[in-house]
Amino acid sequence: MTVATPMVALVGNPNSGKSSLFNALTGARQKIGNYPGVTVERKSGRAVLSDGRPLEMVDLPGSYSLTPASPDEEVTRAVVTGHQQGERRLDAMIVVLDASNLDQHLPFALELIAVGTPVVVALNMIDMATRDGLELDAARLSADLGVPVIPTVAVRGRGLIELIAALEAVLDGARHRIVEPPEHGPEADRKLRKQAAIIARAATVGEPPERRWTQRIDAVLMHPILGFAILLAILFVMFQAVFAWSATPADAIDVGIGTLGQYLGNAMPDNWLRSMIVDGVIAGVGAVVVFLPQILVLFLFILVLEATGYLTRAAFLMDGIMAKVGLSGRGFIPLLSSFACAIPGIMATRAISDPKDRLTTILIAPLMTCSARLPVYAIIIAAFIPARSVGPGIGLQGLVLFILYLTGIVGALAAAYVLRRTVTKGASAGLIMEMPRYQWPRLQDVALGLWQRAWIFLKRAGTIIFFSTMLLWALLSFPKPPAGSDVSPVRYSLAGRIADNLVAPIVEPIGFNKDIALALIPAMAAREVAVSALGTVYAINAGDDDEQAARALGPKLAADWSLATALAFLAWFVFAPQCISTIAVTRRETNSWRWPALMVGYLFTLAYVFAGATYWIATALGLS
Amino acid sequence: MYSLLANLRPGARGHVAAVDWDRMSLPEGRRLRELGLIEGANVELLHRGSLFLKDPLAVRVGRTTIIIRLAHAAAISIAEGAAA
């Protein structure tokens, strides 16, 4: 036994309750990072042995075997065999089994035990097995496997003390030798499963006829028509909540940031530093943090739906449609998240095992209408589209907004169709998924997951937006016009010159004037910045009150722009990848500049073509 | 009486008589075996697709339920009745 903190990994199949066990053992003391060079999350935490010694624990990605079929499983194999770069050699493993699913989970356990690292088996969710009338003999299982077997109920904290005690006992053993596990073909798989089936049967004392209540729920939730309708209803409630529940905290954050900016503005001397901190950092980072409540509500729904097991059913219901454009049902959740914000959406594509399928999903995610577009849509629609009814209960303004959402979705499907036949060409992605049983979500797991997602979002978006807004602020602030000049400082700045000389000539044919060209540059940070940028360009000084600025801006735009220009502007924002954070996250998740470059290129092209077509069609129809 | 899993109706039961592993990639075949879909396993077709589409399938295999695409189900032959 060395003095170093023992290193223990939790290994097991997906749906074995492994993460709940990890949460129960380590509490909130967790660190989330990435394995070097791959987009696989590394979760580690600390537990304590009975004598108070600390223990480092890693939660390995859920895997079905040691023959890897995905980047996740490659990491699992590498850590288990001691080949993972940057990861210490394991001193022991806790192999997690779903007690109700021994047949399915024992083959992987047998493979892990054969590696030679000391193992303790956690016979998890034993309460569910008992509830279903399944009687298991843990002692017999332990004798057959040759390792300690501890019945646990992670979600109720049962069996944890016994598990740690058993772990302590195996940790005090001698240094072990690692046996490299062989790759498996059909014959070896069959033998392993047969061995597993014999052990499982021996350990099962009583097995009642299956309880079919899960299937009775599925008969409704997976019904081809009714199930689909329920899915749509759940999505409808979710989107309502994303916008309704987040309004108050978002306003509070907005006010808080405004107050902070005002306070610093008054407290600091009027110089470039004040401008950088107030107009650059606080305004820019604030523009992103304001989306946190929406993202939290969205993730709350997704985490709860995932914990209950419903998301797999949703993937099943959507897979048929998504297969038509070369995607799979697994892409449904990432695309859904992208309606709030493309950043968590793109991060969620890690669950897609097929690399081409995943890449395509990332590339089309920015076409889902994220909430940053709403302020832009709202101000243009309010200023240009009359609030009249076009049918019973259908307002023209709402209809236009709906068309904008729909254009994004149709555009995404069309883009996926084309991408899958060109740059991300490959065999049609298969879909092989295990359907988990329905379960009540555990409050602690959901809360912990929510906290972790929020932190990751703030850290990633925060740092990226911090640097990009600094750069944009500098571009928009320097050089300063000479004293007495009547040219606005923004026009005189480097960004103003780029807009007038470079951007304006390009966007003029699609109906954009010089003011729009100038607003498009700061809007690269985030789309909704276009609104405040237009406000600046039209020299509206309404302080930090966005609503007041918007009310003042609307009539000015209506007086200055033609309807054709306004419609073209809306069409532009359906497609344009005006979000540095999304581009940076894409770079991170694809590990190359090639894919974000392709994404930016094709989306700007689409934005240009569609805005142009909108402008010219509208002009031809006489909408001016 | 053998029929392909791809051609069954929801509610149909049987056991896996043969699988043409060559009709799928190595990792796909392995994943199916890991989920218990091997010769001799008892299966029941539970659901087929949504709306007007008949793909994918939800299949009960032993004590688990898995989702697979039609293309893979066309490589799996099912015999009537439970496995011996």
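Here is a short chat about a predicted model with chains A and B.

Residues count from 1 along each chain as its sequence is written, and chains are lettered from A and ligands numbered from 1 in the order in which they are written. As this is a predicted model, local features need pLDDT of at least 70 and side-chain atom pairs count only at pLDDT 80 or more, while totals for chains, interfaces and linings use all residues.

Me: How far apart are the end C-alpha atoms of residues 220-245 of chain A?
Reply: UniProt's unreviewed entry includes 220-245 among its "transmembrane region" spans in chain A; its positions use the numbering here, feature names are shortened, and annotations may be inferred rather than shown by experiment. The span is 85% helix and 0% strand, where helices (H or I, at least four residues) and strands (E, at least two) are DSSP runs numbered from the N terminus. Its end C-alpha atoms are apart by 29 Å.

Me: And what is the distance for residues 333-352 of chain A?
Reply: That span is also in the "transmembrane region" annotation. It is 60% helix and 0% strand, and its end C-alpha atoms lie apart by 10 Å.

Me: Which element gives the most to the side of chain B that touches chain A?
Reply: Contact here means C-beta atoms, placed from the backbone, within 7 Å, and 30 residues of chain B are in contact with 31 of chain A. Elements giving two or more residues to that side of chain B include strand 3 (42-48) and strand 5 (64-68). The most, eight residues, comes from helix 1 of chain B.

Me: What is the bridge partner of A:E434 in strand 5 of chain B?
Reply: Two strands pair if DSSP finds at least two bridges between them. Strand 12 (residues 433-435) of chain A and strand 5 of chain B pair in the antiparallel sense over three bridges. For A:E434, the partner is B:I66.

Key: Contact = placed C-beta atoms within 7 Å.
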